[in-house]
Amino acid sequence: MSQNEHTADKSQRQSRPRNITVLSIFVLLISLFHLLKLSQVITQWEMLSALPITVSPFYLAADGFVWGISGLILSWSLWTGQAWAAKTGLVLALLFTGAFWIDLIWISEAEQLQTRWLINLVFTILGLPAVFLSLNLTNSRVFFSGNPAKIN
């Protein structure tokens, strides 16, 4: 392979931006947490059913399943540079944030809500714009639109 061919081949390939790598790993960790939650709900179903909690174990299991599976799919799509990953990531970030706050307000005890709302608000104020910025940087848009190595 000549030097020109090697340079052209290298410039055609778009490597995964560091911010997308970090975001993909972060989404993977969140999805694994939710799958762990799902497994714990399933194994502790009888105990959870007997507790005086405001939601059923079915809701907790469904929540763990939905966010676990969607997170795995999103993490993989971010990692591999699927064209639909950026838009899906933005939508899921908004849905996840909304669901998180609804759960926090609906499920949490008043005392627990008073102690946790501020740190959760800080994480939301920092995290949501970080996801949007990460997915909208020029190198990210190029990665998702022109990555010839992506799996179709």
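A salt bridge is a side-chain nitrogen of Lys or Arg within 4 Å of a carboxyl oxygen of Asp or Glu. In this predicted model, a search of the whole structure finds 1 salt bridge, in which the side chains of Asp63 and Lys37 meet at 2.4 Å, N to O. The pair links distant parts of the chain, since Asp63 belongs to helix 4 and Lys37 to helix 2, 26 residues apart. Side chains of opposite charge can pair when their charged atoms come close.

**How the model is read**

The model is predicted, and for that reason local features need pLDDT of at least 70 and side-chain atom pairs count only at pLDDT 80 or more, while totals for chains, interfaces and linings use all residues. Residues are numbered from 1 along each chain as its sequence is written, and side-chain values use heavy atoms, with hydrogens and water left out.

**The chain as a whole**

The chain has 7 helices and 0 strands, where helices (H or I, at least four residues) and strands (E, at least two) are DSSP runs, numbered from the N terminus. Read from the N terminus on, the elements run α-α-α-α-α-α-α. Among contacts (heavy atoms within 4.5 Å) between residues at least 6 apart in sequence, 74% join residues at least 24 apart.

Of the 152 residues in the chain, 33% are buried; buried means under 20% relative accessible area, exposed means over 50%, and partly exposed lies in between, with a 1.4 Å probe and protein chains only. The accessible surface of the chain comes to about 10000 Å², and 70% of this surface belongs to carbon and sulfur atoms. Such areas come from the Shrake-Rupley method with a 1.4 Å probe, and for residues only the protein chains shown count as cover.

**Confidence along the chain**

The pLDDT, which is the predictor's confidence in each residue from 0 to 100, averages 88 over the chain, and 86% of the residues score at least 70. Confidence is lowest in helix 1 (residues 3–12), at a mean of 46, and highest in helix 2, at 98. Over residues 5–13 the pLDDT is below 50, and this stretch has 4 contacts in the model beyond near neighbours in sequence.

**A nonpolar patch on helices 2 and 4**

Which elements give two or more residues to the nonpolar patch on the surface? The patch has about 1100 Å² of accessible area together, and its members include Ile25, Leu32, Phe65, Trp76 and Trp84. Patches are made of residues with over 30% relative accessible area and no salt bridge, with like charges joined within 9 Å and nonpolar side chains (Val, Leu, Ile, Met, Phe, Trp, Tyr) within 5 Å. Helix 2 (18–43) and helix 4 (57–80) are the elements that give two or more residues, and the largest share, 7 residues, comes from helix 4. One of the members, Leu32, has its place in helix 2 and counts as partly exposed, at 43% relative accessibility.

**Residues that link the helices**

Helix 4 also holds Ser75, whose side chain reaches the backbone oxygen of Ser24 at 2.8 Å. Leaving aside its neighbours within four places in sequence, Ser75 is in contact with Ser24, Val27 and Leu28. Ala62 is likewise found in helix 4, and although Ala62 and Val41 are 21 residues apart in sequence, they are 9.7 Å apart in space, C-alpha to C-alpha.

In helix 5 (residues 85–107) lies Thr97, which touches Thr124 and Leu128, not counting residues up to four places away in sequence. Ala86 has its place in helix 5 too, and under the same exclusion of residues up to four places away, Ala86 touches Leu135 and Phe144. Ala86 and Ser145 are 59 residues apart in sequence, yet 9.7 Å apart in space, C-alpha to C-alpha.

The table gathers the accessibility of several residues discussed above.

| Residue | Relative accessible area and class |
|---|---|
| Asp63 | 9%, buried |
| Lys37 | 22%, partly exposed |
| Ser75 | 6%, buried |
| Ala62 | 29%, partly exposed |
| Thr97 | 17%, buried |
| Ala86 | 14%, buried |

Methods:
Polar contact = N/O pair within 3.5 Å; in protein donor to acceptor, adjacent residues only side chain to side chain.
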